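Me: I would like to go through the terms used for this model. Please set each value against its definition.

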Amino acid sequence: MNAPLEFARAVCPHDCPDTCALRVTVSDGRAVKVTGDPDHAPTQGVLCTKVSRYPERVHHEQRLTMPLKRVGPKGAGRFEPIGWDEALGYAAERLSEIARRAPEAILPYSYAGTMGLVQGESIAQRFFHKLGASRLDRTICSAAGMAGLKYTYGGSLGMHLEFFEESELILIWGANPITSSVHFWTRAQEAKRRGARLVAIDPYRSLTAEKCHQHIALRPGTDGAFALGMMNVLIAEDLIDHAYVAAHTVGFEALKRRAAAYSPARVAQTCGIDEAELVDLARLYGKTRKAAIRLNYGMQRVRGGGNATRAIACLPSLTGAWRDRAGGLLLSSSGWTPFDTAALQRPDLLPGWPSELPRIVNMNAIGDALLHEGDAAFGPKIEALVVYNSNPVAVAPDSARVAAGFAREDLFTIVLEHFQTDTADYADLVLPATTQLEHFDVHRSYGHTYVMVNRPAIAPIGQARPNTEIFRGLAQRMGLDEPALFDSDEAIGRSAFRWEDPALQGIDWARLNEQGWAKLNLPDAPFAEGGFRTPSGKCEFASTLLEREGMDPLPDYVPPYESADGSPELAARYPLAMISPPARHFLNSTFVNIDSLRESEREPRLDIHPADAAIRRIGDGDMVRIRNDRGAFLARARVSDRAREGVVVGLSIWWKKLAPDGCNANQVTSQALTDLGGSATFYDCLVEVERSNV
Ligand SMILES: Nc1nc2c(c(=O)[nH]1)N[C@H]1C(S)=C(S)[C@@H](COP(=O)(O)OP(=O)(O)OC[C@H]3O[C@@H](n4cnc5c(=O)[nH]c(N)nc54)[C@H](O)[C@@H]3O)O[C@H]1N2
Ligand SMILES: Nc1nc2c(c(=O)[nH]1)N[C@H]1C(S)=C(S)[C@@H](COP(=O)(O)OP(=O)(O)OC[C@H]3O[C@@H](n4cnc5c(=O)[nH]c(N)nc54)[C@H](O)[C@@H]3O)O[C@H]1N2
Ligand code: SF4
Ligand SMILES: [Mo]
């Protein structure tokens, strides 16, 4: 007889807009099966391939199960197991010594390995705040787009996922949902079955673009020009909803003058497309009532990402598409959750709060920051780094500099991880962390409008501990006596939400814990009657805040740093624009070490257009070297017109140590920041490609 089966409710923790509700089958203390909750409307009972293999990751034989102390040189990956007591003692001693002298010499580095609000930035932030450590600007992914939304709508607010299936036209813009948001794709396909037209706007014929009715393959980083060109046509042909514009927007006259400079002929040239593609799309968009835009972050990883997001976000307000629940735009819905950052992270624990705060380091420039000797402008040299929920040696741009920084013998590095990643190889101390199936957490989502609770399904594997427990342990060993550092995970989870907010009316903590998820109370068509969260309460074509900050209040086209427009000299030496969007079977660098998923992606590859390949005498299947002034990496060429001419595509993010040359695409990406939000510019990257004899 088999042991009786139990089911536990969980939430997918990964950085994915879908935030699925999971059901975990547990047998003899092991997670044996993970399925999607059929009752949770966004999940619809279905998971992506990666997470349906979750037990393989959780019970992987290479899970870190004990604290490890470095014994070899930095980066060599040689460690010996030690007990928790010794590990915490060692960490506390080193961190205390630095904190007494120069607290800002300690830097946390974390991102969204888990999207959980408790195992993400709760006790961890409180701990670093109490120490007075440097603050980290967490901008590696979405900061430009979020800034664009904030200036235009007043927050990360958009359409509900569910109503896309009623749309008549969907622009899938800088988004590849078959890979990165499969539950949105289900809705888009349903809309297609009902007669909707799907249009992809993407330099690459992605898995998604090939399944749309139309694909507009513009040059990377030219979306701002494209959107201003659409406005130019909408205004010239009077496809504007004047009543909506008058009642719910500000700055139309100024925007009209700006858009006048973006004639379809000029835009077509900038974007490298046919004029008719732009004009026809603008007309169709202006004439369709239920016109929806699924914008995603792929279009904002370039210098002009913030302005481009602003320009695109203006479109549904110009045509009044917001009037219908199946019209409007969705980039992120995370702002709908009444979320209490201050209660979770306790910025009031910072020394000098609220006026004189420790310095802030932009995570995208971690390479430069670690290599900085320290001076009056920068502040003290970084002496200690604590990494959790992230794998910067693989994912951060300009990787040669990142690795050089991590290799500093005088840097004390702690890494909290599930696996021995590229980053963990450089640690002085590796601390084993629990996975989502082993700890408690609460979630909001950036792709739907539910709040969720994740209860542990199984006991921790080996000696793994939740991030929160690890930081509580450190705080205790360092003799920090602030009570907020010792709150329980449940208490923290409960404090993550502003319960008095109308969006949470009727949802109570006990029921949420039992059921696992609850839908926020929100209107179906959020901006049908205005109600934007900007200072004016309107959709701000001309932004009050940008004006106050002394910046251009209107959206404009900002050319990529690395393009013929932005830097002709560089473009002459490195004529190909490289983008490195996610591979379907990985989630950023997570899952790369899961054999069955890595086998699906096979090896690092580079898609190159036949014309670009021919002049370089590159054949399909050749090993190629992709290089620029920052570095080089190897990949197997796929000669195909999936990549438009002038663009090469290297799906990512490989673990360096699992790639043939120990390098990945971030060897060539840059630390430069976007126009708004200080975001990363991974897709603003010129390279040359040549056949390699390796
Ligand atoms: N399977 C899988 N799912 C994921 C992830 C993963 O790694 N794997 N990552 C997760 C994370 S952290 C995020 S942020 C999201 C990312 O997912 P998305 O937000 O969809 O962004 P990307 O995948 O970076 O890019 C989407 C598309 O934009 C295109 N693109 C690149 N540059 C430009 C441009 O300048 N203009 C336009 N219009 N398009 C451009 C790319 O070719 C790509 O097809 O996905 C999440 N989901
Ligand atoms: N070239 C290129 N580079 C990119 C991108 C790209 O498109 N191209 N995309 C960028 C984007 S959008 C993003 S969001 C970043 C993502 O960068 P990261 O946020 O660093 O994401 P991951 O690579 O998935 O690494 C997350 C790590 O956290 C660990 N982890 C997960 N859960 C927990 C936990 O509960 N506790 C602890 N201690 N650890 C945990 C996982 O094991 C994993 O190793 O990468 C960026 N880098
Ligand atoms: S990665 Fe995304 S699609 Fe896959 S289970 Fe998690 S939330 Fe769902
Ligand atoms: Mo991301």
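Me: Is the crossing of helix 8 and helix 11 left-handed or right-handed?

Reply: The crossing of helix 8 and helix 11 is left-handed. That word applies if the near helix is turned anticlockwise from the far one by less than a right angle; clockwise would be right-handed. This is a predicted model, in which local features need pLDDT of at least 70, side-chain atom pairs count only at pLDDT 80 or more, and totals for chains, interfaces and linings use all residues. Residues are numbered from 1 along each chain as its sequence is written, ligands are numbered from 1 in the order in which they are written, and side-chain values use heavy atoms, without hydrogens and water.

Me: Why are helix 8 and helix 11 called roughly antiparallel?

Reply: The axes of helix 8 (residues 223-236) and helix 11 (residues 264-271) cross at roughly 160° and come within 9 Å. Angles over 145 degrees count as roughly antiparallel, and therefore the pair is given that name.

Me: Which residues of helix 8 and helix 11 make the contact?

Reply: With contact meaning heavy atoms within 4.5 Å, helix 8 supplies Ala225, Phe226, Gly229, Asn232 and Val233, and helix 11 supplies Pro264, Val267, Thr270 and Cys271.

Me: What makes asparagine 467 a polar contact of ligand 2?

Reply: A polar contact is a pair of N or O atoms within 3.5 Å. An N or O atom in the side chain of asparagine 467 is 2.9 Å from a nitrogen atom of ligand 2. For asparagine 391, a backbone N or O atom lies 2.9 Å from an oxygen atom of ligand 2.

Key. Axes are lines fitted to C-alpha atoms, for helices over the stretch in contact, and angles run from 0 to 180 degrees between N-to-C directions. Helices (H or I, at least four residues) and strands (E, at least two) are DSSP runs, numbered from the N terminus. Angles under 35 degrees count as roughly parallel, over 145 as roughly antiparallel, 65 to 115 as roughly perpendicular and the rest as oblique. A polar contact is a pair of N or O atoms within 3.5 Å; within protein, one must be able to donate a hydrogen and the other to accept it, and residues adjacent in sequence count only if both atoms are side-chain atoms.
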